[in-house]
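Take a moment to look over the sequence and the model before reading on. The paragraphs below lead you through it, one place at a time.

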Amino acid sequence: MRILSICLLTFVLSCSEDLDNLPTYNLIISIEGEGEVFQETISDVTPSNHEEVELNAVASENWTFVKWEGDLDSSENPIRVILDEPKNINAKFIRYFDYNQPSYFFKNSDLWLDLNEISGTNQRNNTGSAIADFNNDGYNDIFLAESGNSADLDPVQILLNDGGNNFYSSDLINNNIGTDATRKSIVGDYNLDGMPDIFMADHGHEVPGVFFDFAHPSLMLSNENNTYDFTTLTDLPLEFYHGAASGDFDNDGDLDIFCSTKLFLINDGNGAFSQNTSLFQENSGGIYTVEFYDFNKDGFLDLICGGHSMFDGWGDMPSSKIYYGNGVDFTETRSVTLPNLQEWEVTVDYAITDLNGDGNEEILLVRTGGYVNENNEMINFYNGWRIQVLEKISDDEYIDNTSKFMNNYYGNSQWIVRLRVQDIDNDGKLEIFENDRSNHQTNNPRVWKQNSENFYERINL
């Protein structure tokens, strides 16, 4: 909590003889949250009346004035105050977040952080991190879940924001058993209490010669004590949970979860989930990356799914697909296959936004190396990085138009874990940038800046 103390009013009048004995009092205003307080003198002190002032609380952008506290208990604004004694008044501002919406929208926030520097864990929190306001003070905090390479479970963490983007440990999590290897953490208000909850997709740690030791996902739900209850979902299959997304696909008012294992978790409205394997009908495999988004703007959430598109003989899907929703299920017959990219046939993330202001949203696919040669050998698996920009022609057609939108869109350094598109520096122009500000501890994050012609140029920070 940030409290900025300021003295807004200290009047000592130079008075004539008949006012010499009248008292004057200090008014100390403190501010909690983000906003300002303006004061105006309504009437000066007289022999029979104390001074009266009017206080007007003005919230900063996206913040809301809540109430006056301290020596004044009121939500009225502006409000008049009589200074008949010294007064300390706190103006409380809050920023509200709506967590009952698709998890995709919580990829972006007002924070862009070097998680390795903050956590000191050398990349292990890069994939399982999330941002949300966990203590309801209006400031975004950090959730960390490790993705290690041992069988030991690592407790998750909530690091609270002091209001100045300085973060400190908290004890908000009960039964903090921890996770094995969290590949993705998604945010949503799963129990509909207005607070953010977290679902952790956990694929298990890597075992030499075995690939991965599968794991159960985990859930962290807020409770009435303003803390969080951690649960390992042992009733779910032991699987390779690489990705997950949440959204209200059936428009019943609560958030359901789709796992990259093709498993739907249907919410009862209180954060308890039932399993359903029939809602997603796709024969191909290789699905590791998923998001909910309403691509055709019909009021029903759609699914975009991808991952490995290297070899159909292994059961891989031919490329990423959009499955159009109808509030009931997702089928191949209501899907569109997106363009693949030869030799870059592994997709690890999606970003969706209107890059050129034409009213249609482009899809950015974050890719890394991987393909299968004529000898059925996997080549360049997870080597390098590449961004592919797909331009929408219609609901049934997207085309690869990457060079129309950006330059320097591939390289041979470490792959990009998460990609964001937003105006992170508040200059009115969009940036395309990787979520890991350290860029695998090189301190040279990959960033593209929008120019006047809606082209995105690679820049150095």
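Over which residues does pLDDT stay under 50? That stretch is residues 1-19, for which the model has 42 contacts beyond four places in sequence. Here pLDDT is the predictor's confidence in each residue, from 0 to 100, and contact means heavy atoms within 4.5 Å. Where pLDDT is low, the predicted coordinates should not be read in detail. For the protein chain, the mean pLDDT is 91, and 93% of the residues reach 70 or more.

Some ground rules come next. This is a predicted model, in which local features need pLDDT of at least 70 and side-chain atom pairs count only at pLDDT 80 or more, while totals for chains, interfaces and linings use all residues. Residues are numbered from 1 along each chain as its sequence is written, and side-chain values use heavy atoms, with hydrogens and water left out.

Now find the open sheet of four strands. Its order is S19-S20-S21-S22, and the pairing is antiparallel. Strand S19 (244-247) and strand S22 (273-276) stand at the edges, each with a single partner strand, so one side of each has no neighbour in the sheet. Neighbouring strands in this sheet are turned by 20° against each other on average, direction ignored. The angle is taken between axes, which are lines fitted to C-alpha atoms (for helices, over the stretch in contact); angles run from 0 to 180 degrees between N-to-C directions. Strands here are DSSP runs of E with at least two residues, and helices are runs of H or I with at least four, numbered from the N terminus. Two strands pair if DSSP finds at least two bridges between them. Strand S21 (residues 264-267) pairs with S22 over four bridges, in the antiparallel sense. Leucine 265 stands opposite glutamine 275 in S22.

Is serine 246 buried or exposed? Serine 246 is buried, at a relative accessible area of 0%. Buried means under 20% relative accessible area, exposed means over 50%, and partly exposed lies in between (1.4 Å probe, protein chains only). The side chain of serine 246 makes a polar contact with the side chain of tyrosine 190, at 2.9 Å. A polar contact is a pair of N or O atoms within 3.5 Å; within protein, one must be able to donate a hydrogen and the other to accept it, and residues adjacent in sequence count only if both atoms are side-chain atoms. Beyond four places in sequence, serine 246 also touches other residues, including Pro102, Asp256 and Phe292.

Strand S30 (residues 362-368) is our next stop. Seven of its seven residues are buried. In a regular strand the side chains alternate between the two faces of the sheet. On one side of S30 are Glu362, Leu364, Val366 and Thr368, on the other Ile363, Leu365 and Arg367, and all are buried. Which strands pair with S30? Strand S29 (residues 346-353) pairs with S30 over seven bridges, in the antiparallel sense. There, threonine 347 has arginine 367 as its bridge partner. Strand S33 (residues 385-394) joins S30 through five bridges, also antiparallel. Leucine 364 faces valine 389 of S33 across the pairing.

Asparagine 383 lies in it, between strand S32 (378-379) and S33. Asparagine 383 is partly exposed, with a relative accessible area of 44%. Beyond four places in sequence, asparagine 383 touches Trp344, Thr368 and Gly369. The C-alpha atoms of asparagine 383 and asparagine 412 are separated by 6.7 Å, although the two are 29 residues apart along the chain.

Further along, glutamate 434 belongs to strand S37 (residues 431-434). Glutamate 434 is buried, with a relative accessible area of 2%. A polar atom of its side chain lies 2.8 Å from the backbone nitrogen of arginine 446. Among the residues that glutamate 434 touches beyond four places in sequence are Trp112, Arg418 and Asn444.

Last, turn to the cysteines. How many disulfides does a search of the whole structure find? The search finds zero. A disulfide is a pair of cysteine sulfur atoms within 2.5 Å. Cysteine 259 is buried, at 0% relative accessibility. Cysteine 305 is buried too, with a relative accessible area of 0%.
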